[in-house]
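Subject: Handover of a structure and notes on it

Dear colleague,

Please find below the structure that I am handing over to you. My notes on it follow directly after.

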Amino acid sequence: MPWYSGLESVLRRDEPLARWTSLRIGGPAAFFLAPPDEDVFAGAYAAAVRSGLPVRILGAGSNILVCDGGVQGAVLSTGRLTLGPSRTNGTTIRVGAGKRLADLLRWTARQGLGGLECLAGIPGTVGGAVRMNAGGRRGSIDARVNRIWCADRAGNLVIRNGDDIRWGYRSTDIQDPITAVEFVLESDRPKSVADRIAGELAERRRLQPVRAVSAGCFFKNPPRRAAGRLIEMVGLKGCRLGGARISEKHANFIVNAGGATAADVLRLCRMVHRSVRERFGILLEKEICFWPEDALGASERSKRCADG
Ligand code: EPU
């Protein structure tokens, strides 16, 4: 019996991941599963883990670069885990990991629940945002996470308290896939919440190429420095290699200007990394995830780019 026995209805073979990533780049996933609820998700995760294949979790695909050859093994999409948000108690809400942040934020404004406005404009899912500790200048998601539900390798749904998670700058120690999140928010006037969200979105539109096809900021900001500024200072704004271009508006965005391949993006990434290292002695660390992780492993220089 194949490892995906019983999961055929939620399985696609050789699914092109370009369809599922905001960069519109990436080869196929050998197995692509989109379970309809948390229990099926947990079972599918356990089955995939038991099969011994590599297992990757896909949210909105807004923070990944998938290589042109695609990925072996299984990709589990949280795209259908969109239950909620619903109030569980007062200002406490629970929401499925696959819910888009934008949808969640619209709901919090309608409900008059404040606390997540710093996430306005981030184009990911709730689960992806928690996994990466997404945020911006005004804060990050960790401040509001009360509990998360994860699928464990045995197929159980387990709860982790926010306080027990190790939160870093765009990183956490969460390994297992998140299926749902509970936030503790604050009562506020709907208009105040909506205004803060609108302000955040307007600022993003002013500073970032929000309409461009991209995966957001490509590199992390080094301590006390801004990657975008460093990349601008080495003169790479607007630089184009194949279909990949460094945004004119914000130099930490690599955009797919039309027909870009992952190879184009990686060449540009290496060029940025080398230029910033040579000029400033700073090793930029990538913010986005590469699938596979060693996508740049072909050469030593590219590896350094991948690993930061
Ligand atoms: N800058 C330049 N040239 C550029 C871009 C920026 O000189 O091309 C300068 C700006 O003038 C500013 C500084 O760099 O002085 C910082 O730029 P900005 O205010 O745009 O913020 P950022 O540090 O580049 C961070 C997050 C963004 C988040 C914004 C707003 C990181 C790597 N980036 O950007 O997150 O949206 O703050 O809160 O932490 C993302 O994670 O994908 C992302 C876009």
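The model is a predicted one. I begin with an open sheet of five strands, whose order is β6-β7-β15-β11-β12 and whose pairing is antiparallel. At its edges stand β6 (86-89) and β12 (157-161), each of which pairs on one side only. On average, neighbouring strands of this sheet are turned by 25° against each other, direction ignored. At one place in the sheet, β6 pairs with strand β7 (residues 92-96) in the antiparallel sense over three bridges. There, R87 has I93 in β7 as its bridge partner. Helix α1 (residues 38-50) packs on the sheet and touches β7, β11 (145-151), β12 and β15 (178-184). The direction of α1 makes about 55° with that of β11.

I turn next to helix α2 and its surroundings. Two packed helices are described by the angle between their axes and the distance between the axes. For helix α2 (residues 101-111) and helix α4 (residues 190-207), the axes come within 6 Å and cross at roughly 150°. Because angles over 145 degrees count as roughly antiparallel, α2 is roughly antiparallel to α4. On the side of α2, the contact is made by L105, T108, A109 and R110; on the side of α4, P190, V193, A194 and I197 take part. Sorted by class, the residues in this contact are six nonpolar, one polar and one charged.

Which residues of α2 are buried? They are L101, L104, L105, W107, T108 and A109. Among the elements that cover these buried residues are β6 and β7, together with β8 (113-114), α3 (126-131), β15 and α4. Just after α2, G112 takes a positive phi of about 70°.

A further group of strands is arranged around β20. Strand β17 (residues 214-217) pairs with β20 in the antiparallel sense over two bridges, and C217 stands opposite F253 in β20. Strand β19 (residues 244-246) also pairs with β20 in the antiparallel sense, over three bridges; here R245 has V255 as its bridge partner. A hairpin of six residues joins β19 to β20.

In a regular strand the side chains alternate between the two faces of the sheet. In strand β20 (residues 253-256), F253 and V255 point one way, while I254 and N256 point the other way. All of these residues are buried.

Finally, I looked at the cysteines. A disulfide is a covalent bond between the sulfur atoms of two cysteines. How many disulfides does a search of the whole structure find? It finds zero. The sulfur of C118 lies 15 Å from the closest cysteine sulfur, in C217, which is too far for a bond. C118 counts as buried, because its relative accessibility is 10% and the cut-off for buried is under 20%. For C289, the closest cysteine sulfur is in C269, at 13 Å, and this distance is likewise too far for a bond. C289 is partly exposed, with a relative accessible area of 23%.

Yours sincerely,

A colleague

Note on methods
Residues are numbered from 1 along each chain as its sequence is written. This is a predicted model: local features need pLDDT of at least 70, side-chain atom pairs count only at pLDDT 80 or more; totals for chains, interfaces and linings use all residues. Side-chain values use heavy atoms; hydrogens and water are left out. Axes are lines fitted to C-alpha atoms, for helices over the stretch in contact, and angles run from 0 to 180 degrees between N-to-C directions. Helices (H or I, at least four residues) and strands (E, at least two) are DSSP runs, numbered from the N terminus. Angles under 35 degrees count as roughly parallel, over 145 as roughly antiparallel, 65 to 115 as roughly perpendicular and the rest as oblique. Contact means heavy atoms within 4.5 Å. Ala, Val, Leu, Ile, Met, Phe, Trp, Tyr, Cys and Pro count as nonpolar, Asp, Glu, Lys and Arg as charged, and the others, Gly among them, as polar. Buried means under 20% relative accessible area, exposed over 50%, partly exposed in between (1.4 Å probe, protein chains only). Two strands pair if DSSP finds at least two bridges between them. A disulfide is a pair of cysteine sulfur atoms within 2.5 Å.
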